[in-house]
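Subject: Structure handover

Dear colleague,

I am passing on the structure that I have been working through, and below it you will find my notes on what turned up. Please read them with the structure open beside you.

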Amino acid sequence: MKSAHKKLNEMRHLDPLPDMDDVQFKLWVELLEKRTGTVLPPERKSFLVTNIGLRMREIECSSYKEYFGMIAGVNGLQEWNTLVDRITVHETRFFRHPLSLELIEEYVINKKPDPENGQLSVQVWSVACSTGEEAYSLAMIVDQAFKAGGKTSYFGVTATDISPASLQTGREGAYSERRINSLDASMRDKYFSRTEDNKYKVRDYLRKRVCFARKNVLDIAGEPVSEMDIIYCQNLLIYFDRSTRIDIVNNLARHLLPGGMLILGSGEVLNINHPQLEKIAHSRVLAFRRKIEVQN
Ligand SMILES: C[S@@+](CC[C@H](N)C(=O)[O-])C[C@H]1O[C@@H](n2cnc3c(N)ncnc32)[C@H](O)[C@@H]1O
C-alpha cells in the first residue's frame with residue numbers, strides 16, 4: 001500500500017489545479033479567519049490553493065465552490081477537521097526557544113509548596129502545541145527542575161491545538177530521529193525509548209504527565225478558569241491581527257495563577273497593557289507575571 005505522503009506527492013503531478021478566482025479566495029480567507037483567527041495575506045494564496053486542491057483530489061471533488069459548500073455546511077465538521085490540519089502551519093521542534101525554557105526552570109526551582117496542604121505542584125499549558133514537541137519539552141524541563149531540587153512534586157502539562165491530526169501525533173509521542181536531533185544524547189536517553197520502527201517514543205512516565213486536548217484559542221474566553229502556573233504560547237499569535245492577539249493575551253491571563261507566568265514568542269505582540277500582568281525584564285524573552293494582589 002502506498003504511504004499517504006507518496007500518494008500526495010504523486011497527486012502534485014496530476015492535472016493542474018483549477019484557478020481560484022478572487023471571489024472564491026476571499027470566501028476561503030474569511031472562513032479561515034472566522035474559524036481559526038488566522039489572517040491569510042494574498043501572498044499566501046498559492047499555499048491555500050495547493051493544500052485545498054490536494055485535499056479536493058483526495059476526495060475527488062473538482063470545484064472549489066462545491067468544496068466550500070461542503071465545509072461550510074452543517075455536516076462539514078469532519079471534513080473541516082481534516083482540512084484545518086492542511087491549511088495551518090505546524091512547524092515546531094523540541095526546545096525551540098531555550099531562553100524561555102530557562103525562565104520556566106527558574107520558576108519551578110523557586111516554587112514553594114502550597115501553605116494549606118504542603119503540596120508542591122506545577123501546571124503548565126502549551127497553547128497551540130502542534131505535534132507535541134513543545135509540550136514534551138515543557139514536561140522535560142519541569143521534571144528535571146523538580147528532580148534537581150530533590151523535591152516530591154506533581155506536575156501536569158495541558159497541550160491544546162486546533163488540529164486533530166497534530167494532537168494525535170502528540171498523543172502518540174513517537175518521533176523520527178531527525179525530529180529528535182535537537183536534543184542532547186542524555187535527554188534523549190532519559191526521556192525516550194527506541195521503537196521497533198526506529199522512532200523515539202516518549203517514555204510513559206513523562207507521556208502520562210501530558211494531556212492533549214482540542215481547543216480553539218479563539219474560544220477560551222467563556223471557559224471556566226483553570227489556574228496555571230505557566231502558560232506558554234509561542235508562534236501562534238503571529239498569524240492573527242493585532243486586536244485578536246490582544247484579546248487572546250487578555251483571555252489567557254485569566255487562566256494564570258497569581259504569580260504565574262505567561263510566556264509568548266518574542267516580538268509576537270506589542271503594547272500589552274493588562275492591569276494584572278507585569279512584564280518580566282528580559283531582553284530576549286517576552287514574558288509576563290500575573291500580579292499577586294495584596295489583601296488589606
Ligand atoms: C507554528 S505552530 C506552533 C507550534 C508551537 N507552539 C511552537 O512554537 O513550536 C502553530 C500551531 O497553531 C495551531 N493553531 C492555529 N490556529 C489555532 C487556533 N485558532 N487555536 C488553536 N491552535 C491553533 C496550528 O494548528 C499549529 O499547530
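Cys61 has a relative accessibility of 8%, and because buried means under 20%, Cys61 counts as buried. Please keep in mind throughout that this is a predicted model. A disulfide is a covalent bond between the sulfur atoms of two cysteines, and the structure holds zero of these. Cys233, for instance, is in no disulfide, since the nearest cysteine sulfur, which belongs to Cys129, is 11 Å away, whereas a disulfide would need the two sulfur atoms within 2.5 Å. Cys233 also counts as buried, with a relative accessibility of 0%.

Turning to the helices, H2 (residues 22-36) packs with H3 (residues 45-58) at an angle of about 85°, and their axes are 11 Å apart; the two helices are therefore roughly perpendicular to each other. On the H2 side of this contact are Asp22, Phe25, Trp28 and Leu32, which meet Lys45, Leu48 and Ile52 of H3. Sorted by class, the contact of H2 with H3 has five nonpolar and two charged residues, with no polar ones.

How many of the 16 residues of H7 are buried? The count is 13, so H7 is largely enclosed by the rest of the structure. Helix H7 covers residues 133-148, and at 1.5 Å a residue it should span 22 Å, which agrees with the 22 Å between its end C-alpha atoms. After H7 comes Gly150, which has a positive phi, near 60°.

With best wishes

Key. Residues numbered from 1 in each chain as written. Predicted model: local features only at pLDDT ≥ 70, side-chain atom pairs only at ≥ 80, totals over all residues. Heavy atoms only, no water. Axes fitted to C-alpha atoms, helices over the stretch in contact; angles between N-to-C directions. Helix = DSSP H or I, 4+ residues; strand = E, 2+ residues; numbered from the N terminus. Parallel < 35°, antiparallel > 145°, perpendicular 65-115°, else oblique. Contact = heavy atoms within 4.5 Å. Nonpolar A, V, L, I, M, F, W, Y, C, P; charged D, E, K, R; others polar. Buried < 20%, exposed > 50% of the residue type's maximum accessible area, 1.4 Å probe, protein only. Expected span 1.5 Å × (residues − 1).
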